[in-house]
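This briefing is for a reader who is new to the structure shown below. It begins with the terms and then goes through the structure by topic.

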Amino acid sequence: MNYAVRRFPGYGKLSGKSLDELRAGERVAVSDGKQDPLDFVLWKSAKPEDPPQARWDSAYGTGRPGWHIECSAMSCATLGESFDIHGGGADLQFPHHENEIAQSEGATGKPLARLWMHNGFVRVDDEKMSKSLGNFFTIRDVLQRYGAETVRFFIVRTHYRSALNYSDAHLDDARQALRRLYTALSLVHPADDGAAIDWAAPHAARFKAAMDEDFGTPGAVAVLFELAGAVNKTRAPDLAGQLKALGGILGLLQGDPEAFLQAGVEAVDTDEIQARIAARAAAKAARNFAEADRIRDALLARGIVLKDSAAGTTWEAAP
Ligand SMILES: [Zn+2]
């Protein structure tokens, strides 16, 4: 049993195409009782060779549902006849999502979803990710090498509709960029930790405008960098507070800045590092600059960078 797409006036509204335009891309011959090449199966009659676990009795005879029906049925059962957001890969917009709309709205007369969000594909080193190319890996593999926050930052830097190009260089770059944001928070302790965001404040207003424009996370991330620059320049705790709070909306910057900046040093003994920092300060005070430099270089060789400021010396993992 097929769905006759010409009976649903809104067919094509999601992809913004007419039936004729959509048909031009389809090379399916009219067959199997279809009135139109775009007609699709709602219920497939059982063939004699179909196993018993793949056949059900229904008002339309024994058989099984067409593959688009599962989404209409699941969303209706769990979310109701109308819901807010339907997501999916860009390749599912047509025909799958058009067909879901035709089925659900044809049945209920109500809009299926208020918003549709179609995401771009993950690419690896600028190639399509696929099992056959052997460049296939899971998020679990990536998390062995990069922290979850770095991976999250890498993802939100790209707009969700665009292709997401995975490469180690891009992940390394994401980690460096995130370090710049955490560095601002390590310099200036945020005021009002956990306070509500004032959306009328200039940075917050720009962040919100970016997000309201089709979930524009790259624009929102750009505002975080503007804020970090302002924090570095003004040393204002309220700006640091805004940076942390706005980062939190994207699931970023909620960790301890020092811990983030120090992560990656092997077999770290913080007491020992503090003792080396104290020895270097003593050498400097005694004007033994050669010894002070030797201590700094020895730490650097172990991947530890010293940072001097008016407040004293702190350390980070080398970038
Ligand atoms: Zn679906």
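Helices (H or I, at least four residues) and strands (E, at least two) are DSSP runs, numbered from the N terminus. The model is predicted: local features need pLDDT of at least 70, side-chain atom pairs count only at pLDDT 80 or more, and totals for chains, interfaces and linings use all residues. Residues are numbered from 1 along each chain as its sequence is written, and side-chain values use heavy atoms, with hydrogens and water left out.

**Zinc site and helix H3**

- Cys71 (SG) and His96 (NE2) coordinate the zinc ion at 2.0 to 2.1 Å. Donors are N, O and S atoms within 2.8 Å of the metal (3.2 Å for Na, K and Ca); water is not among the atoms, so sites may look incomplete.
- Cysteine 71 belongs to helix H2 (residues 69–79) and histidine 96 to helix H3, and the two are 25 residues apart.
- Histidine 96 is buried, at a relative accessible area of 5%. Buried means under 20% relative accessible area, exposed over 50%, and partly exposed in between (1.4 Å probe, protein chains only).
- Helix H3 also holds proline 95. The peptide bond that leads from phenylalanine 94 to proline 95 is cis, with omega near 0 degrees.

**Strand pairs**

- Two strands pair if DSSP finds at least two bridges between them. Leucine 115 in S6 is opposite isoleucine 85.
- Between S5 and S6 the chain passes through helix H3 (residues 93–108), in a right-handed β-α-β crossover. Right-handed means that, with the strands pointing away from the viewer, the path from the first strand over the helix to the second runs clockwise.
- Strand S10 (residues 304–309) and strand S11 (residues 312–317) run antiparallel and are joined by six bridges. The hairpin from S10 to S11 goes through two residues, and serine 309 has glycine 312 in S11 as its bridge partner.

- An open sheet has three strands in the order S8-S7-S9, with mixed pairing. Strand S8 (127–128) and S9 are at the edges with a single partner strand each, so one side of each has no neighbour in the sheet.
- Strand S7 (residues 122–124) and S8 run antiparallel and are joined by two bridges. Arginine 123 has lysine 128 in S8 as its bridge partner.
- Asparagine 165 is part of strand S9 and is buried, with a relative accessible area of 17%.
- The side chain of asparagine 165 has a polar atom 2.8 Å from the backbone nitrogen of aspartate 126, and it reaches the backbone nitrogen of aspartate 125 at 3.5 Å. A polar contact is a pair of N or O atoms within 3.5 Å; within protein, one must be able to donate a hydrogen and the other to accept it, and residues adjacent in sequence count only if both atoms are side-chain atoms.
- Aspartate 126 lies in the loop between S7 and S8. Aspartate 126 is exposed at 52% relative accessibility, and its phi is near 65 degrees, a positive value in a residue other than glycine.

**Nonpolar cores**

- A nonpolar core is a set of buried Ala, Val, Leu, Ile, Met, Phe, Trp, Tyr and Cys residues joined through side-chain atoms within 4.5 Å. The largest one has 40 residues, of which Phe153, Phe207, Leu224, Leu243, Leu250 and Leu253 touch the most other members.
- Among the elements that give two or more residues to this core are helix H6 (168–187), helix H8 (217–234) and helix H9 (237–249).
- Another core lies apart from it and has 16 residues, including Leu19, Phe83, Ala102 and Trp116.

**Loops**

- Histidine 159, in the loop between H5 and S9, is buried at 19% relative accessibility. Its side chain reaches the backbone oxygen of aspartate 214 at 2.7 Å.
- Aspartate 214 is in the loop between H7 and H8 and is partly exposed, at 30% relative accessibility. Phi of aspartate 214 is near 50 degrees, also a positive value in a residue other than glycine.
- Aspartate 57, in the loop between strand S3 (43–45) and strand S4 (63–65), is exposed, with a relative accessible area of 69%. The side chain of aspartate 57 makes a polar contact with the side chain of threonine 62 at 2.9 Å.
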